[in-house]
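User: I would like to learn how to read pockets and charged pairs in a model. Please take me through one case.

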Amino acid sequence: MNKRLHGLDLYRIIGCAFVIINHCNSKVLAQVTPKSLAWYVTVGVIFITKITVPGFFMITGCNLLHRDFDLPSYRKRIVRIAVDLLVFSLFYYVWRCIAHTYPVGVPEGASALQTAGIYITDFIRVLWREGATDAFWYLYTYLGLMIMMPVFQRVAGMFYGESSGPVDASSENVRFANLGSGGVFSRRILIRTILVALIYVSLIPSICILWPAAALNPNFELPMIVCAVMYLFIGHACYLYRKELRAGEGLMIRDLWLIGVFLAAFVVNMILSGAEYRVSDGTSFVSYSEIETLFMVIESVAVYCFLIKMRADGAFGRAISFLAPATFGIYLFADFVCSNTHLIYWNMCRFMNRLFAVAIQDVAAITAALCIVLLLRLIPEVRKWI
């Protein structure tokens, strides 16, 4: 966008903290009794923290889809993500092999060369098929989005029209969009496209959690827009309607209705979680926390539209600007700090309620990740990668 939006940077900062909180929180859910206070709190935390990934996708769509097509810059982005995926997957693989989380069958009496070959082959398998750590599913998705970004940018160029200002029909953004008598596509088409996507990748799957018989023929759903792309174009819609949203102009009392929408969607998700628990006889109860479900979409978009309006001046703005560049690095180290702070949780449980214990672990893990990244970013050659 033309100006830096501190609200979106704040969303990134909150999102990275939520990634760590969600991963630390998950082990508590396996230990508490269903329907206890701790169970409700833990499930509630899941429904709050899962807004992270939709936020990242929407920020990507808002910041990148409107930009001019620039192949060299996106080639650099793809290389950066691919290198980070390779290097940090190797980091997690070696660490978990040392910790015996990834047992690799090495025959007794194997030579050093044979052992190295077995580990290298296994690492390639893990990198290609599984992912070296749970959090990296997003990194694979983001890499795919970056590969497809030039195509998405060209498609996004079709949605400039009407009140968005004069459009040069010969420009690269819209030269192929002269379809029918309308000339250039309008922003309304984008909204209709998102609504259709919401039906097929959000509403219908949400219904099918409780009523599996409502599922459509999968071959009919196959051509539809996938979840990550839907969020990407929601972010782009927010860019096109940035004036109507008052992006970066500051929050007002009347904007609190968005927080009301978020809380209402959160309450509905908690109710649906209880319904799923009853329908499944207790075998599942957090399916509605998946990012494609309808009320998670509503939660995420409500928070996004609220924060995009925010204006941060003075020390608060400087703090956001200082922390925002470290968010990607914090994400890369999230699973590492979560795993290595578990002992804090277990030891604290001896003296206090487990919810307070996991909160202390959350603070320790977030602080550790931030310190690691800030120290690494002091090295110029490392800073450009994380």
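**Pockets and charged pairs**

Analyst: This is a predicted model. Let us begin with a pocket: α7 (187-210), α9 (227-240), α11 and α12 each supply at least two residues of the lining of the second largest pocket.

User: How is a pocket found, and which residues lie nearest the centre of the second largest pocket?

Analyst: Rolling a probe the size of a water molecule over the atoms shows where empty space is left. Here, the second largest pocket holds about 380 Å³ of space. Its lining has 18 residues, and Ile-191, Ile-234, Cys-238, Val-301 and Cys-305 lie nearest the centre. Helix α12 gives the largest share of that lining, 5 residues.

User: How do the residues of that lining divide by class?

Analyst: The lining of the second largest pocket has 17 nonpolar residues, no polar ones and 1 charged residue. For the largest pocket, the lining comprises 17 nonpolar, 3 polar and 11 charged residues.

User: What is the volume of the largest pocket, and which residues are closest to its centre?

Analyst: The volume of the largest pocket is about 960 Å³. Among its 31 lining residues, Arg-4, Arg-12, Arg-77, Arg-80 and Tyr-142 are the closest to the centre. At least two lining residues come from each of α1, α3 (52-64), α4, α6 (137-156) and α14 (327-339).

User: With which residue does the side chain of Arg-12 meet in a salt bridge?

Analyst: Side chains of opposite charge can pair when their charged atoms come close. In this model, Arg-12 meets Asp-9 in a salt bridge, at 3.0 Å from N to O. The two lie about one helical turn apart, because they are 3 residues apart in helix α1 (residues 6-29). Asp-9 is buried, at a relative accessible area of 4%, whereas Arg-12 is partly exposed at 21%.

User: And which partner does Arg-80 have?

Analyst: Arg-80 forms a salt bridge with Asp-84, at 4.0 Å from N to O. These residues are 4 apart in helix α4 (residues 71-98), and therefore separated by about one helical turn. Arg-80 is partly exposed, with 29% relative accessibility, while Asp-84 is buried at 2%.

User: Which salt bridge links distant parts of the chain?

Analyst: Asp-255 pairs with Lys-309, their closest N and O atoms being 3.7 Å apart. Asp-255 sits in the loop between α10 (242-245) and α11 (256-279), and Lys-309 in the loop between α12 (294-307) and α13 (314-323), 54 residues apart. Both Asp-255 and Lys-309 are buried.

Notes:
Residues numbered from 1 in each chain as written. Predicted model: local features only at pLDDT ≥ 70, side-chain atom pairs only at ≥ 80, totals over all residues. Heavy atoms only, no water. Buried < 20%, exposed > 50% of the residue type's maximum accessible area, 1.4 Å probe, protein only. 1 Å grid on protein atoms, 1.4 Å probe; cavity = no way out; pocket = protein on both sides within 12 Å on 5 of 7 lines; lining within 4 Å. Points joined across faces, edges and corners; volume = space filled by probe spheres on them. Nonpolar A, V, L, I, M, F, W, Y, C, P; charged D, E, K, R; others polar.
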